[in-house]
Amino acid sequence: MHMTSAEIREAFLAFFATKGHHRVPSASLIPGNDPTLLFTNAGMVPFKDVFLGDEHRDYTRATSSQRCLRAGGKHNDLENVGYTARHHTFFEMLGNFSFGDYFKREAIQYAWQFLTEELKLPKEKLWVTVFTEDDEAYDIWAKEIGVPTDRISRIGAKDNFWAMGDTGPCGPCSEIFYDHGEDVWGGPPGTPEEDGDRYIEIWNLVFMQYNRQVDGTLLPLPKPSVDTGMGLERIAAVLQHVHSNYEIDLFQALIGDAAKIIGTDDLNNKSLRVIADHIRSCSFLIADGVQPSNEGRGYVLRRIIRRAVRHGSMLGAKGTFFYKLVASLVAQMGEAYPELREKQKVIEQALQREEEQFGKTLERGLNILNEALESLEGTVLPGELVFKLYDTYGFPMDLTADMAREKGLTIDEDGFNEAMEAQRQRAQQASNFGVDYNQRLKSTQKSEFSGYTETVDESEIVEMFID
Ligand code: ATP
Ligand code: MG
Ligand code: MG
Ligand code: MG
């Protein structure tokens with residue numbers, strides 16, 4: 001069966017609606033109910049208070065297609081983009097949720113029915129994992145669903161035990177994998193037990209069954225709940241008979257348009273995949289109210305934009321290009337997400353401004369880096385250099401790390417932090433001598449651009465690395 005992303009999204013929500021689930025629209029990428037969380041990184045986030053029993057809704061079953069961001073905080077897939085076939089910074093998570101209603105048996109039955117009857121996936125391509133000690137889930141898969149036991153693995157807590165935090169609701173997971181076959185590109189093939197790109201995890205079923213106490217003991221929850229998440233792009237790859245998420249309809253359109261805008265015909269270039277990924281996260285962040293800045297969420301956004309701009313430069317982009325991709329994204333996703341269409345202008349303006357600003361220092365920074373590489377001994381970029389690129393040329397540390405990685409090098413993070421601290425102390429001393437730093441900032445901001453430092457408020461620097 002071949003289905004577009006939009007058809008799959010609708011099929012999923014409709015299937016769970018027939019099972020009594022309330023259809024809930026996607027919430028913002030900025031969590032409304034949790035100041036400790038940088039971004040909405042899973043479908044359950046908007047329901048957190050319902051799971052905790054702090055919020056009551058007039059339904060006990062829900063289904064959603066939630067926009068998610070994993071580019072900072074506990075879940076960070078930024079480093080995976082461009083390297084694996086299955087990770088994005090921004091993606092959509094299809095989910096079904098039970099708030100003290102059904103539990104393991106129905107959750108597993110629904111998932112299996114959806115995959116093998118609605119989507120008609122061949123059963124022999126599906127593998128499952130359960131938590132080592134979860135005999136109940138194991139038996140449901142093996143005896144009731146009839147999955148052959150050589151395709152069921154028991155996995156430890158790192159991957160198969162989920163917790164909302166150090167205390168509170170938690171429980172075992174069961175993950176469903178699709179075997180893309182031996183012939184896969186990039187990355188290690190892996191096994192269902194270890195990360196890789198042959199057996200790709202498509203769906204995670206979380207069984208919330210305990211309440212972890214401060215002393216670590218697990219008390220059974222009076223009403224166990226279910227939280228599941230399936231990546232729309234991953235299941236689309238399966239249904240479109242391609243291996244990588246970047247080969248699905250939506251990404252091919254974005255990659256094709258990016259190539260045209262930049263003026264390259266090297267369609268398999270990794271940089272195009274990175275750019276296609278980043279235009280989604282950046283546009284949705286701005287649509288949800290974030291602007292590039294030097295702290296917190298705004299700094300995550302700035303870092304992603306600058307990475308995209310650097311990849312464009314590698315492909316030979318002349319002048320600004322990134323903001324021109326917004327129109328293409330709106331064409332692809334504007335129907336499912338009308339807010340994207342409404343905010344198109346705002347998004348374009350913010351991206352263009354940031355691109356122009358970084359464009360001024362990018363080339364010079366790259367020259368400095370290349371010179372340093374010529375005389376580099378060993379495989380570690382010195383912290384001083386990483387700091388100079390950051391401080392004078394606006395290269396976020398992770399961007400320099402990304403460039404280093406492409407050359408088989410790493411960066412000296414400790415050295416970078418020391419240089420940062422030394423800079424902070426110098427600024428502090430300067431202010432002790434009665435220099436009105438704010439006054440200086442005001443006057444330099446009006447003058448011609450003369451380096452990155454002067455437009456950054458030192459007091460914010462420490463906060464830039466909150467993730
Ligand atoms: P992986 O092990 O492949 O990194 P995960 O175990 O971290 O995935 P979960 O936290 O279980 O992922 O999220 C539920 C589902 O969301 C996954 O089964 C997958 O389909 C999808 N998903 C997770 N991370 C990403 C991502 N970065 N990009 C696209 N889809 C993702
Ligand atoms: Mg992951
Ligand atoms: Mg996993
Ligand atoms: Mg998982």
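Helices (H or I, at least four residues) and strands (E, at least two) are DSSP runs, numbered from the N terminus. This is a predicted model, in which local features need pLDDT of at least 70, side-chain atom pairs count only at pLDDT 80 or more, and totals for chains, interfaces and linings use all residues. Residues are numbered from 1 along each chain as its sequence is written, chains are lettered from A and ligands numbered from 1 in the order in which they are written, and side-chain values use heavy atoms, with hydrogens and water left out.

**Two loop residues**

- Lys-120 sits in the loop between α3 (104-118) and β6 (126-131).
- Its phi is near 55°, a positive value in a residue that is not glycine.
- Most residues other than glycine have a negative phi.
- Lys-120 has a relative accessible area of 57%, so Lys-120 is exposed (buried means under 20%, exposed over 50%, partly exposed in between, with a 1.4 Å probe and protein chains only).
- His-241 also has a positive phi, about 60°, and is not a glycine.
- The loop between α6 (232-239) and α7 (249-262) holds His-241.
- At 61% relative accessible area, His-241 is exposed.

**Around ligand 1**

- There are 17 residues around ligand 1, and Asp-77, Arg-86, His-87, Glu-201 and Asn-204 come nearest (a residue is near a molecule or strand if one of its heavy atoms lies within 4 Å of it).
- By class, this shell has 5 nonpolar, 5 polar and 7 charged residues.
- Here Ala, Val, Leu, Ile, Met, Phe, Trp, Tyr, Cys and Pro count as nonpolar, Asp, Glu, Lys and Arg as charged, and the others, Gly among them, as polar.
- A polar side-chain atom of Asp-77 is 2.7 Å from a nitrogen atom of ligand 1.
- An N or O atom in the side chain of Arg-234 is 2.9 Å from an oxygen atom of the ligand.
- Ile-202 uses its backbone: an N or O atom there lies 3.0 Å from an oxygen atom of ligand 1.
- Taken alone, ligand 1 exposes 590 Å², and the protein buries 89% of that (areas come from the Shrake-Rupley method with a 1.4 Å probe).
- β10 gives the most, with 4 residues.

**The magnesium ions**

- Donors are N, O and S atoms within 2.8 Å of the metal (3.2 Å for Na, K and Ca); water is not among the atoms, so sites may look incomplete.
- Glu-175 is in strand β9 (residues 168-179) and Glu-201 in strand β10, 26 residues apart.
- The magnesium ions (ligand 4 and ligand 3) are 3.3 Å apart, and Glu-201 coordinates both.
- Glu-175 counts as buried at 7% relative accessibility, whereas Glu-201 is partly exposed at 23%.

**Aromatic rings**

- The count comes to 27 aromatic pairs.
- Rings of Phe, Tyr and Trp (its six-membered ring) pair if their centres lie within 6.5 Å; planes under 30 degrees apart count as stacked, over 60 as edge-to-face and the rest as tilted.
- Phe-161 and Tyr-210 are stacked because their ring centres are 6.5 Å apart and their planes at 20°.
- Phe-161 lies in strand β8 (residues 161-163) and Tyr-210 in strand β10, 49 residues apart.
- Phe-161 is buried at 19% relative accessibility, and Tyr-210 is partly exposed at 24%.
- Ring pairs also link Phe-12, Phe-15, Phe-16, Tyr-102, Tyr-110, Phe-114 and Trp-203 into a cluster.

Conventions
A polar contact is a pair of N or O atoms within 3.5 Å; within protein, one must be able to donate a hydrogen and the other to accept it, and residues adjacent in sequence count only if both atoms are side-chain atoms.
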